[in-house]
Amino acid sequence: MRSLFLSFALATALSTLPASAAEAPLPQLRAYTVDDSWLQPMAPLQIADHTWQIGTQNLTALLVQTDEGAVLLDGGMPQMADHLMNNMKVRGVTPQNLRLILLSHAHADHAGPVAELKRRTGAQVLANAESAVLLARGGSNDLHFGDGITFPPVNADRIIMDGEVVTMGGIAFTAHFMPGHTPGSTAWTWTDTRKGKPVRIAYADSLSAPGYQLRGNARYPHLIEDYTRSFATVRALPCDLLLTPHPGASRWNYAAGNTAAANVLTCQAYADEAAKKLDAQLAKEAAASR
């Protein structure tokens with residue numbers, strides 16, 4: 001009993017110490033800030049007869065319009081909700097006409113406004129199980145970024161499987177799991193038309209590993225193997241035209257308009273470049289550990 005009293009007295013005394021004698025203040029919160037071009041609004045840019053880029057100059061958000069409703073693939077940063085709604089209005093899409101939201105992966109710069117868009121439109125959010133978990137906790141406890149890039153949480157309405165086909169208005173969207181950048185990373189493919197001719201569009205997720213610990217990652221033990229399999233997945237996609245969440249990764253320049261499409265990488269080249277970058281990152285990581 002005496003020891004408990006002494007412990008209580010010591011704790012009370014410490015709590016009354018002046019600030020100069022106490023520990024340093026806790027750190028300030030740090031906002032997730034990005035390059036200005038990621039937040040630069042742009043007018044809708046036509047990719048194919050039914051497919052439009054309605055995001056920002058350096059973040060992709062694809063609107064696919066059909067006779068039965070519209071589909072949105074990714075949404076960019078949390079503060080982009082108004083911009084996306086405005087661009088949908090420009091395209092003649094009313095809030096209730098947005099039927100589905102599909103995702104490449106659940107990071108704040110791609111899934112950021114999904115909760116707000118779902119609230120405003122009633123659209124259903126489709127994601128695989130890995131992404132659904134991260135969406136539900138708003139990006140917190142991320143394998144690589146911890147709580148550094150959180151966003152408003154949202155629940156997936158439907159869990160999709162690898163190879164599953166989601167159809168809207170005669171357009172079939174096929175999910176291709178490509179884990180690595182996140183465990184839930186997904187490519188989506190569909191066939192649109194341009195000038196009356198079919199064009200197979202591949203919206204392939206990021207293949208980068210920004211600041212990731214690659215070897216011996218306790219949270220993601222098979223990270224390197226997943227990347228390797230995902231490179232093969234991307235190489236095999238039906239892919240007449242490639243788009244990526246960060247347009248520069250596939251050599252798109254949305255600000256330049258449709259003229260940029262001539263310089264876009266093939267899916268094969270996109271995967272090959274990513275594999276070389278991963279090898280270089282692995283070599284650098286190995287050298288640093290010596």
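Colleague: Let's start with helix 6 and helix 7. At what angle do helix 6 and helix 7 pack, and how far apart are their axes?

Modeller: Happy to. Two packed helices are described by the angle between their axes and by the distance between those axes. In this predicted model, helix 6 (residues 223-235) and helix 7 (residues 267-288) pack at about 160 degrees, and their axes are 8 Å apart. Helix 6 is therefore roughly antiparallel to helix 7, as angles over 145 degrees count as roughly antiparallel.

Colleague: Is the crossing of helix 6 and helix 7 left-handed or right-handed? And which residues make the contact?

Modeller: Helix 6 passes helix 7 in a left-handed crossing. On the helix 6 side, the contact is made by Ile224, Tyr227, Phe231, Val234 and Arg235. Helix 7 brings Cys267, Gln268, Tyr270, Ala271, Asp272, Ala274, Ala275, Leu278 and Leu282. By class, the residues of this contact divide into 11 nonpolar, 1 polar and 2 charged.

Colleague: Now a second pair, please. At what angle do helix 2 and helix 4 cross?

Modeller: The axes of helix 2 (residues 81-90) and helix 4 cross at roughly 45 degrees and come within 9 Å. These two helices are therefore oblique to each other. Their crossing is right-handed.

Colleague: Which residues meet there, and how many are nonpolar, polar or charged?

Modeller: Ala81, Asp82, Leu84, Met85 and Met88 of helix 2 meet Glu116, Leu117, Arg120 and Thr121 of helix 4. The contact of helix 2 with helix 4 has 5 nonpolar, 1 polar and 3 charged residues.

Colleague: Let's turn to the sheet. In what order do the 7 strands lie?

Modeller: Strands of a sheet pair through backbone hydrogen bonds, either parallel or antiparallel. Here, 7 strands form an open sheet in the order 1-2-3-4-5-6-7, with mixed pairing. Strand 1 (45-46) and strand 7 (158-159) are the edge strands, each pairing on one side only.

Colleague: How many bridges join strand 3 to strand 4, and which residue is the bridge partner of Leu63?

Modeller: Strand 3 (residues 62-66) and strand 4 (residues 69-73) run antiparallel and are joined by 5 bridges. Leu63 has Leu72 in strand 4 as its bridge partner.

Colleague: Which strands does helix 4 lie across?

Modeller: Helix 4 (residues 114-121) lies across strand 4, strand 5 (98-102) and strand 6 (124-127).

Colleague: Next, single residues. Which value of phi does Asp74 have, and is Asp74 buried or exposed?

Modeller: The phi of Asp74 is near 75 degrees, a positive value in a residue other than glycine. Asp74 lies in the loop between strand 4 and helix 2. With a relative accessible area of 0%, Asp74 is buried, because buried means under 20%.

Colleague: And what is the phi of Arg251, and where does Arg251 lie?

Modeller: Arg251 also has a positive phi, about 75 degrees, although it is not a glycine. Arg251 is in the loop between strand 12 (241-243) and helix 7. At 41% relative accessibility, Arg251 counts as partly exposed.

Technical notes. Residues numbered from 1 in each chain as written. Predicted model: local features only at pLDDT ≥ 70, side-chain atom pairs only at ≥ 80, totals over all residues. Heavy atoms only, no water. Pairing = 2+ DSSP bridges. Helix = DSSP H or I, 4+ residues; strand = E, 2+ residues; numbered from the N terminus. Contact = heavy atoms within 4.5 Å. Axes fitted to C-alpha atoms, helices over the stretch in contact; angles between N-to-C directions. Parallel < 35°, antiparallel > 145°, perpendicular 65-115°, else oblique. Left-handed = near helix turned anticlockwise from the far one by under 90°. Nonpolar A, V, L, I, M, F, W, Y, C, P; charged D, E, K, R; others polar. Buried < 20%, exposed > 50% of the residue type's maximum accessible area, 1.4 Å probe, protein only.
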